[in-house]
Amino acid sequence: MEEIRKKNHGRPLKGWMILALALMIAAGSVWLAVRAVENREEGIPAQADTRGTLVDRETEELNRATVTLRGGETWTLNRGEDGVLRLAGNEDMALDETLTAKIADALCNIVFEDVLTEDGQEWQTRREEFGLAEPTLIAEARYADGTEIHLRFGDESPMEDVTFCYMEAVGDDRLFAVATSLLTDLRVERALLISVTQPDIHQARLDRITVTDGDGTKTLEWKLQGSIMDQDAAENWLLTAPFVYPADFDTMSSLREQAAGIRLGVWVGPDSMENRQACGLVQPRQTLEIHLAAGSTGQVSAAGVYNVQDWEEESFLFEIGDEKNEMSEYVAFRGQIYTISRFTVEALTEADPMKTVARYPVLTPLNSLASLTVETRQGSTVYVLSREEVSGELVEAEETEDEQTDEVLLTVTKNGEEIETAAFEAAYERMLVVTVSGRLPADWEKQETETRYVFQSVSGAVHTVELSPWDGIHDAVTLDGETIFYLIQEGMGELP
């Protein structure tokens, strides 16, 4: 037996194949391995390496490919007059170029790892033992010269670290062992062949997010107040449904990022009534609309040129249907139906409105503030901020020429009289971090306003904060006309 091992040392895969067969088939098939051993013991030389090539063609020669998966799904690729492979029945849909290239390469370069036997009588009556009675996959290919091949793939090897599966070519008596990578390249669901064009949602142009329920009732909505071109646009978002209140800057930044990052999953089919019924979209469970204002985007080309592209106003409407599984659900979008990650859309459609509203009464950052008016029973105080760019000193930059630095000189006046800028900045920074203490009860009654702050930004946006007594130690906070929270008295601090 030591001599047999030496003889077989030049082609180790053969021994593994025989061992794999012995493990898979019943006692009646063991004689194949026994007979092979007996022949070698009688002095029959070990066979030469039977690894080889079944098909070797250029991928452009593939004219037609049909794949049938276990379970019955079948799809066909045809090469059109323009030389492009298209999916039969969906010729107008663009295909995933990476997947189609793999499929064409797999069917034009068919390599087998071994020939387990060349005698069809030894295995063709026992196809079920190799998974070939009900193949994992059937592949048919037609080439430019009219030649055709019909392949049937069976089970994968049960041996650890041995990655092959059984394959037959119809009309050929041999039983092949082929790398499982060949099966993997061909085992593609029809839906995955369709190239999915992702929505191009520019975060900088986003000015409204709206969610409705199955009855069309608006359940959530956030709107930008003003223009996307405003310097302080990101600070001027408003929750408008289910109630009206200024939105929190950080939360809106996150929601806008989620909206811009929406990605579709797998293509399901065209937006037909049949598909809508199958996917729970006859009456969508929810709709998500993302509105973009007209605007421009810019990008630096490979040549270093900054290219600007203008965009028209547009909306992206996603109609959400049934769940496909716990990870995804169906969505109708622009004439097609896809899957989409539940986690992608639920960050928007299931958002808690109370967690998106501003809990900082002061919404205007210092660098956006143009003026602040404080009105009390004693009178009004008006702070006006003016900015002037001044050239700084030359500074030495690493590995570059000296550069001129510019800085902004801020001047603050109080009722027309200039005051110390640093003192105002420090007091205003303290106001920016003030947060509300809690939410007012439903039965509260608004009292007369005692202090009113009017913040005007450099873009002209105006925010108002009104404080009115609620209990002995708290004031009700009315922000831009809406009252939800209360604040500890004198919590806003004092300005110089």
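Helices here are DSSP runs of H or I with at least four residues, strands are runs of E with at least two, and both are numbered from the N terminus. What you're looking at is a predicted model, where local features need pLDDT of at least 70, side-chain atom pairs count only at pLDDT 80 or more, and totals for chains, interfaces and linings use all residues. Residue numbers run from 1 along each chain as its sequence is written, and side-chain values use heavy atoms, with hydrogens and water left out.

Let's start at helix α7, residues 249–260. Its twelve residues reach 16 Å from first C-alpha to last, close to the 16 Å expected at 1.5 Å a residue (that expectation is 1.5 Å times one less than the number of residues). Met252, Leu255, Arg256, Ala259 and Ala260 are the buried residues of α7, buried being under 20% relative accessible area and exposed over 50%, with partly exposed in between (1.4 Å probe, protein chains only). Look down the axis of α7 and these buried residues fall within an arc of 135°, so they line one face of the helix; the arc is taken from the directions between the helix axis and the C-beta atoms. Over on the other side of α7, Asp250 and Glu257 are exposed.

What does the buried set of α7 pack against? The partners are β11 (206–213), β12 (218–224), β13 (237–241), β16 (286–292) and α9 (342–349), with contact meaning heavy atoms within 4.5 Å. Leaving aside residues up to four places away in sequence, threonine 349 touches Val211, Leu220, Gln286, Leu288 and Ile320.

Now for the sheet. Eight strands make an open sheet in the order β4-β3-β2-β7-β8-β9-β10-β6, with antiparallel pairing; two strands pair if DSSP finds at least two bridges between them. β4 (85–87) and β6 (114–117) stand at the edges with a single partner strand each, so one side of each has no neighbour in the sheet.

Within the sheet, β2 (residues 62–69) and β3 (residues 74–79) run antiparallel over five bridges, and valine 67 has tryptophan 75 in β3 as its bridge partner. Further along, β7 (residues 137–143) and β8 (residues 148–156) pair antiparallel over six bridges, with glutamate 140 bridged to histidine 150 in β8. β7 and β8 form a hairpin with four residues between them, and glycine 146 in the turn has a positive phi of about 90°. β8 also pairs with β9 (residues 164–169), antiparallel over four bridges; there, glutamate 156 has cysteine 165 as its bridge partner.
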